[in-house]
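Please read them with the structure open beside you.

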Amino acid sequence: MTLTEEFLSHLAHELNYSELTVSAYRADISQWADFATSGRPSELRPLETTTSDMRLWIATLARGGCSARTLKRKASSLRAFFRFLMRIHGLAVNPMTGVTLPKPRKSLPVYVRPEETGAILSTPVAEGFTALRDNLILDILYSTGMRCSELITLLDRNVDTAKGELKVYGKRNKERVIPFGPRLGEAIERYRRMRDSDPATAISPADQSAPLMVRENGEPLYRSLVYRVTHRILSEGGAHAERLSPHVMRHSMATDMLNSGAPLAGVQQLLGHASLTSTQVYTHVAYRDLKNNYQLAHPRAQNKKGGNYGH
């Protein structure tokens, strides 16, 4: 087993990182290995890497147009890899120490406005299993704020419509319970009835590992399918946002809850953020909306010609 494979195994089996997260680490380390060995990664010698080597790689990525945010993630992957080598294999110094990264440009989360989301989810659903399931995908993403990966792995037995709550396993396999309202509960039960009426998609009550959401052949969903479904429904519904994706629905849920007066700590718990800092970014979006509404509606924010003071 190579040092890279040993590290990735450590992430997966000892730290319980998700398959998606481990794949991201693998991709970053593989890209660096190709660069460091001029396309011969089997010749990689991580224990001989220097800070100058890492500075050169980061500089090359930056000149190639790699964004500051992506550079930060790649540097974090390699920093973790070298920390592992220091702890397990006696590497004296982390080569990423002293490597300066450009600061990422701060951007606010993209979200769909609540009136647009409400109109889309209130649109009558076409006949058939696929249409019902696709609409439910969007409804669950927005109603619960769960991640795409959490929806895909959501087990049927972990969704209790009587109690109005479901259990998901987030990053690092951390469990959390998310409440939901009766509308979503009714939508889930309609979907379940149609799903279980067809032998091709039916779930056996005895199957404890069966997913809630399945494809037409009974197999689980996959990421690109959820992305396509979300983008299509939002696009056809006329949603105005820079991006139309499952994660945008997560942003939308958090923003709408804060705009409606939900406490920040409560939204943090629903989203499964380890740190309150991750949730605080949505307060900036909520404040921006508040400021825009004030400037548009308050009489003292308007000049005589209908424009805003100072503009």
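This is a predicted model: local features need pLDDT of at least 70, side-chain atom pairs count only at pLDDT 80 or more; totals for chains, interfaces and linings use all residues.

**Notes on the model**

1. S38 lies in the loop between α2 and α3 (51–63), where helices (H or I, at least four residues) and strands (E, at least two) are DSSP runs numbered from the N terminus. The phi angle of S38 is near 55 degrees, a positive value in a residue other than glycine. S38 is also exposed, with a relative accessible area of 58%; here buried means under 20% relative accessible area, exposed over 50%, and partly exposed in between (1.4 Å probe, protein chains only).

2. Residues are numbered from 1 along each chain as its sequence is written, and side-chain values use heavy atoms, with hydrogens and water left out.

3. A second residue with positive phi is N16, which is not a glycine and has a phi near 60 degrees. N16 sits in the loop between α1 and α2 (19–36), and with a relative accessible area of 41% N16 is partly exposed.

4. For the chain overall, the secondary structure comes to 12 helices and three strands, and buried residues make up 40% of the 311 residues. Of the contacts (heavy atoms within 4.5 Å) with a separation of 6 or more, 57% are accounted for by residues 24 or more positions apart.

5. Helix α1 (residues 3–13) and helix α4 (residues 68–89) have axes that come within 10 Å and cross at roughly 100 degrees; the axes are lines fitted to C-alpha atoms, for helices over the stretch in contact, and the angles run from 0 to 180 degrees between N-to-C directions. That makes α1 roughly perpendicular to α4, given that angles under 35 degrees count as roughly parallel, over 145 as roughly antiparallel, 65 to 115 as roughly perpendicular and the rest as oblique. From α1, the residues L3, T4, E6, F7 and H10 meet S77, A80, F81, F84, L85, R87, I88 and H89 of α4. The residues of this contact divide into seven nonpolar, four polar and two charged, with Ala, Val, Leu, Ile, Met, Phe, Trp, Tyr, Cys and Pro counted as nonpolar, Asp, Glu, Lys and Arg as charged, and the others, Gly among them, as polar.

6. Which residues of helix α5 (residues 114–122) are buried? They are E116, T117, I120 and L121, and they cover an arc of only 125 degrees around the axis, which puts them on the same side of α5; the arc is that of the directions from the helix axis to the C-beta atoms. The face turned away from the buried side carries the exposed residues E115 and S122. The buried residues of α5 pack against α6 (129–144), α9 (223–236) and α10 (246–259).

7. Helices α6 and α9 pack with their axes 10 Å apart and at an angle of about 90 degrees, and are therefore roughly perpendicular to each other. On the α6 side, R133, D134, N135, I137, L138 and L141 meet L225, V226, V229, T230, R232, I233 and L234 in α9. By class, this contact has eight nonpolar, two polar and three charged residues.

8. H273 has its place in the loop between α11 (264–271) and α12 (276–297) and counts as buried at 16% relative accessibility. A polar contact of 2.8 Å joins the side chains of H273 and T279. Leaving aside neighbours within four places in sequence, H273 is in contact with R147, R250, Q268, S278, T279 and Y282.

Terms used. A polar contact is a pair of N or O atoms within 3.5 Å; within protein, one must be able to donate a hydrogen and the other to accept it, and residues adjacent in sequence count only if both atoms are side-chain atoms.
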